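This report concerns the packing of helices against one another. Please examine the sequence and structure shown below before reading on.

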Amino acid sequence: MSGPGDLSRSNLRTLTRRRMLRLGATVAGVGYVGWVSGWKASAAALVGEPSGNTVIRAGQVASAARRVLYRGANLADGRSPALQLGRSVLTDRGRVVWIRPRDAEEDPGPSHGLDVVDARGLTIVPGFVDAHCHLTSPGGANWLDHFRDSPSTMLATAERNGELAREAGTAWLREIGSPTVIDPVDGRRRALALGIRDRWVGRADRPRIRSGGTWIAPPAVMDKGVAIVARNADELVAAALGQLQQGADLVKLYIQAANSNESPWTATEIRRASDAVHARGAIVTAHAMSLGPAKAAVLGGVDAIEHGFRLDADLCAEMARRGTRLVTTLIVPRSWLKIGQQSGGYWATRAGRRYATRLLERGEESARLARRAGVVICAGTDFGGGGSRAGQLAWEVESLVATGMQPWQALGAATWRGGELLDESDAGRIREGGPADFFLVAGDPYRNPAALWNVRRLA
Ligand SMILES: [Zn+2]
């Protein structure tokens, strides 16, 4: 998510708390809530991690310039239900050389320049692919305000987000929405995440990024000047192609009307944008909170639905038939509930709690319907675009498991499924000859997905 949905920011500024509470029902029925700065939600509201902690700092990422033998680990690749026991993995300058049973290791080469890691009791997991995030905002209780931070503040926030995500095992970020501003580093006016993406290439202490540029939204939905506004199909196509020309890897449509649960654009209008984007070899994805926008998006040929909190069985069947993915962000309502517990504000009110609880219940039901229909599910945090924060993808894995998904499948949603969505064949995979983009956690994430919080080492 990111924008306020049904209430524009300028309107929000004029609303009193009492009026906001009265509007609660409307808000709950349509999008989700954009918040007024100065409201008594603490700026320090940190969304707590359910369990575990991270022990590796960014500066301690293992050097890619030498061989490392991880000896006797278990391996959870998110592709089959069986944990692979007692595996040894040799890496050399950031590549996986071989993967063998502990008792059938190949010669790792001379001991000089070889780091041997006793990995017994640890589980090797592919680098996370966070399939939905917003790099330039920190998330938390006042996430919306931060889309108005100065460009240099947003760059600093992105650095911290990148560090947090990397330390939590994230190898890739699918970044789908940052404001268009003048980048203080390269001087270019475009979505701020695009320059960050380019500057982080080759950095072991940052995830790699694919970015959807700036949101494309109908009038009066997102904050003025944050999204690119498209009133009709011609403007949709122009905006989509404009983002690709500026260097976006994919296109993000924000399909939400100002005062309705229905789509602001028809499926035919969306189809024109999808066709234009596909003709240039890119994909298009759609923020869709409600059923009407999700339907228009799917019938309009988008490649993925973001959030999809209110899908139904028929639409899930259609998504499965077309191969439209669902990117879940169940930790957004979970984070709102936690913010309410920790720092009060709207999310501690009855209306706030009810909205977040119902959204979570419907989101969980959508995920169940999608899974039963055979829709491919990818996991996202939506950090920066809601209350959630960078480095919390393990929480989304736990949330998917809570919907009845098997832990190995939920790990797949947070790794290689996201890699496929990015069209990056190595993202979220561990294979001989491939990049050593994995991390080691304490415990067995197939028995207890909370183990994914317990990062002990990044490869
Ligand atoms: Zn988002």
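Axes are lines fitted to C-alpha atoms, for helices over the stretch in contact, and angles run from 0 to 180 degrees between N-to-C directions. Helices (H or I, at least four residues) are DSSP runs, numbered from the N terminus. The model is predicted: local features need pLDDT of at least 70, side-chain atom pairs count only at pLDDT 80 or more, and totals for chains, interfaces and linings use all residues. Residue numbers start from 1 along each chain as its sequence is written.

Helix α10 (residues 331-343) packs with helix α11 (residues 350-373) at an angle of about 155°, their axes lying 8 Å apart. α10 is therefore roughly antiparallel to α11 (angles over 145 degrees count as such, and those under 35 as roughly parallel). P333, R334, W336, L337 and G340 of α10 make the contact with G352, R353, A356, T357, L359, L360 and G363 of α11, two residues being in contact if their C-beta atoms, placed from the backbone, lie within 7 Å.

In the other pair, the axes of helix α6 (residues 233-245) and helix α7 (residues 267-279) come within 8 Å and cross at roughly 25°. α6 is therefore roughly parallel to α7. On α6 the contact involves A233, L236, V237, A240, L241 and L244, and on α7 it involves E269, R272, A273, A276 and V277.

Terms used
Helix = DSSP H or I, 4+ residues; strand = E, 2+ residues; numbered from the N terminus. Parallel < 35°, antiparallel > 145°, perpendicular 65-115°, else oblique.
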